[in-house]
Amino acid sequence: MKLAEALAERAEATRRVEQLRSRVVGSARYQEGETPAEEAAELLAEAGEVLDTLEMLIRRINRTNAAVQMGEDGTLTDALARRDVLRLRHAVVTAAADAAAGTGERGYGRQLRSELMMLSALPVAELRARADVLAREIREIDMRIQRTNWEADLLD
């Protein structure tokens with residue numbers, strides 16, 4: 001099995017657990033004289049089985065991520081950490097540019113000459129350019145990660 005396939009199975013198992021959790025909660029209590037829509041104990045047991053499978057998948061995925069080398073990006077785990085930080089960095093730079101530009105502020109411009117002007121404390125154009133570079137880096141590392149996911153075999 002390829003790593004990408006295991007990641008898809010993990011996502012499906014996670015969705016399944018959430019569905020089962022919701023159904024268990026909905027069936028955990030019922031009114032006297034009524035029958036529950038579903039058997040909560042059976043749903044709970046099924047959720048336990050799916051969670052066991054999910055744990056095994058996560059362990060194998062983590063082992064694979066730590067072992068697979070991606071050249072100059074280091075291990076797949078290193079590349080994932082880099083991508084996560086690039087996304088956070090992009091969000092911070094974009095938020096700073098938006099705030100400095102007054103994006104989202106009502107009445108950003110002056111209505112009367114007597115009102116104080118709002119000035120930018122940061123270079124908006126420079127921040128936008130930096131955000132564009134970060135976005136490109138995110139796309140590039142994400143493509144390398146996706147390629148590796150389809151090339152790497154899942155470890156036991």
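The model is a predicted one, in which local features need pLDDT of at least 70 and side-chain atom pairs count only at pLDDT 80 or more, while totals for chains, interfaces and linings use all residues. Residues are numbered from 1 along each chain as its sequence is written, and side-chain values use heavy atoms, with hydrogens and water left out.

Thr 75 belongs to the loop between H2 and H3, where helices (H or I, at least four residues) and strands (E, at least two) are DSSP runs numbered from the N terminus. Leaving aside neighbours within four places in sequence, Thr 75 is in contact (heavy atoms within 4.5 Å) with Asn 65, Ala 66, Val 68, Gln 69 and Met 70. Asp 73 lies in the loop between H2 and H3 and is buried, with a relative accessible area of 17%. Not counting residues up to four places away in sequence, Asp 73 touches Asp 78, Ala 79, Ile 141 and Arg 144, and a polar contact of 2.6 Å joins the side chains of Asp 73 and Arg 144. Such a contact is a pair of N or O atoms within 3.5 Å; within protein, one must be able to donate a hydrogen and the other to accept it, and residues adjacent in sequence count only if both atoms are side-chain atoms.

## Helix H4

Helix H4 covers residues 124–151, and its 28 residues should span 40 Å at 1.5 Å a residue, which agrees with the 41 Å between its end C-alpha atoms; the expected span is 1.5 Å times one less than the number of residues. Among the buried residues of H4 are Leu 127, Leu 134, Ile 138, Ile 141 and Ile 145, and what covers the buried residues of H4 includes helix H1 (3–27) and helix H3 (76–101).

## The nonpolar cores

A nonpolar core is a set of buried Ala, Val, Leu, Ile, Met, Phe, Trp, Tyr and Cys residues joined through side-chain atoms within 4.5 Å. The largest one has 19 residues, and those with the most contacts inside it are Leu 3, Leu 76 and Ile 145. H1, H2, H3 and H4 each supply at least two residues of this core, with the largest share, six residues, coming from H4. A second, separate core of eight residues includes Val 17, Leu 20, Leu 43 and Ala 47.

Definitions and conventions. Buried < 20%, exposed > 50% of the residue type's maximum accessible area, 1.4 Å probe, protein only.
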